[in-house]
Amino acid sequence: MHDADKRFYGNGLPYLKLGPLKGSLIVVEGTDSVGRSTQIERLTPWLELQGYGVVNTGWIRSPLLAETINEAKAGHELNVMTFSLLYAADFADRLENQIIPALRAGFIVLADRYLYTVFARNAVMGAAPEWTRRLFGFAVVPDLVLYQKIDVRHLIPRALESKGMDYWESGMHLRLGSDIFDSFRRYQTRLIREYDRMADEFSFVTIDATRTIDEIQEDLRATIARYLAGEQPVTSPRRGAGGVSRLVRRGRVAARA
Amino acid sequence: MTPGLTTPHPYPGKLIIVEGIDGSGKSTQIALLHRWLLGRGLKVFFTEWNSSALVRRAMRRGKKKDLLTPTSFSILHAVDFADRLTYKIVPPLKAGMTVLADRYVYTAFGRDVARGVDSEWVRAMYGFAPRPDLAIYFRVPIEVSLQRILTGRTKLKYHEAGMDLGLSRDPAESFRLFQSQVLVIYDELVREFGLSVIDATADISQQQQQVRAMAAEVLGLDKGIRHARRR
């Protein structure tokens, strides 16, 4: 057992001495096309203006696997196991080569999506949730998870306005509907249900993302500012092991003050 | 998802796998078994560890640029395995064929744990792997395997020697240190998963006789090499 190190979701990385993490890991989560990247693009300069060093990271951006995953997605040859494992490899690469070093050096790491996206997708695809969660047991627990919550009715025009409905984000691999529109609606409804469920379990700070870009941004900034000032964020009620991260967060904030 | 390593798989085919450190001679043995089974008229499919096209590029890139950490190294092998399981192992098992696998999940349980990843974590990651009908472990002392590799191909491979762990700058010494740890873990795996052990220092033909006897029993064939020759 590694109970000395509760900064990981599971048993962590036994061969790695994590040491003090001076920085903060802030995650922006939410379903496809909800507008995460737009918001992060604006958060970055705002934080930098205040003098914080910011590192951006996002899903499938590891130099090791980005190409492999995009190619495999194009070829439609993946199933829930290979999908999850490729995401886990991408995440492990970024975690050890980018996220942890940045946190050690005192940066704010802004992550566009985190493992919750895989948890949501896998739940919809029917993988055993226990398996997915144990697979990501080496993940560092974030300091703040900002969840952009939206309903499918508001999501549809946003998806169509931005880049359209793509094969995977419409869940076409699950054959949920007669056409891409029906499939998108059903798939995203299920995904959103999973995110909502996780909001409690992993204590997301929920941001109403049905509003305008500016309103959402304002809300995100206010939440981050409160966190950086050492205040406890207002999260969904906690259950189970999630309580650990709150203790860690308090400890970290106290150490900084 | 399949029932995992603790319960027999539901497929009509049979899964036979071989394990052992590099230089244990397992590949030679499984090749001989393959030939024998084909000669007996069986439909056989052969698959090998770390051979899927899906992760080949990432693996090559990671090794070349030294990007791999013990965890990403471990997960990439799991991707390879999951991909082969989907396309190469489960379909022939469902079709009632015999699948021969050179290395299986026990390789990850040995090597990756020797590299420092959590042993529970790696077992959970491979939780979808079907239990083999026969798993043979070729046990060999470190010096014997080292001699076999050095006389065969004269150069030790970087990861095979555990050079990524910085145990020693000398490849042979690093191999000794790293693979000795793997050997210790294999012995634990023999007990945990009930692997069948063969003494890999014995003559090739002697070992093969044992391998064929074990396979014949699992596959419900008439035993022995002699019988096969007579046909």
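Helix 4 of chain A and helix 7 of chain A cross with a right-handed sense; a crossing counts as right-handed if the near helix is turned clockwise from the far one by less than a right angle, and as left-handed if anticlockwise. Helices (H or I, at least four residues) and strands (E, at least two) are DSSP runs numbered from the N terminus. The model is predicted: local features need pLDDT of at least 70, side-chain atom pairs count only at pLDDT 80 or more, and totals for chains, interfaces and linings use all residues. Residues are numbered from 1 along each chain as its sequence is written, while chains are lettered from A and ligands numbered from 1 in the order in which they are written.

Two packed helices are described by the angle between their axes and the distance between the axes. Helix 4 of chain A packs against helix 7 (residues 180-201) of chain A at about 125°, with the axes 9 Å apart. Axes are lines fitted to C-alpha atoms, for helices over the stretch in contact, and angles run from 0 to 180 degrees between N-to-C directions. That angle makes helix 4 of chain A oblique to helix 7 of chain A; under 35 degrees counts as roughly parallel, over 145 as roughly antiparallel, 65 to 115 as roughly perpendicular and the rest as oblique. Among the residues that make the contact are Y116(A), F119(A) and V124(A) of helix 4 of chain A, and Y187(A), L191(A) and M198(A) of helix 7 of chain A. Contact requires C-beta atoms, placed from the backbone, within 7 Å. By class, this helix contact has nine nonpolar, no polar and three charged residues. Ala, Val, Leu, Ile, Met, Phe, Trp, Tyr, Cys and Pro count as nonpolar, Asp, Glu, Lys and Arg as charged, and the others, Gly among them, as polar.

Most residues other than glycine have a negative phi. R113(A), in the loop between strand 3 (108-112) and helix 4 (115-125) of chain A, has a positive phi of about 75°. R113(A) is buried, with 21 other C-beta atoms within 10 Å. I60(A) also has a positive phi, near 55°, and sits in the loop between strand 2 (54-58) and helix 2 (66-75) of chain A. With 17 other C-beta atoms within 10 Å, I60(A) is partly exposed. The cut-offs are 20 or more such atoms for buried, 12 or fewer for exposed, and partly exposed in between, with C-beta atoms placed from the backbone.

Between the chains, 28 residues of chain A are in contact with 28 residues of chain B. Helix 3 of chain A gives the largest share of the chain A side, 10 residues. By class, that side has 17 nonpolar, seven polar and four charged residues. The axes of helix 3 of chain A and helix 3 (residues 70-94) of chain B come within 9 Å and cross at roughly 170°. The two helices are therefore roughly antiparallel to each other. Their contact includes L85(A), A89(A) and D93(A) on one helix and I75(B), V79(B) and D83(B) on the other.

Chain B has nine helices and five strands. Its radius of gyration is 18 Å, close to the 17 Å that the globule rule gives for 231 residues, so chain B is as compact as a globular protein of that length. The radius is taken over C-alpha atoms, and the rule is 2.2 Å times the number of residues to the power 0.38. Of the 231 residues of chain B, 45% count as buried.

Conventions: Two residues are in contact if their C-beta atoms, placed from the backbone, lie within 7 Å.
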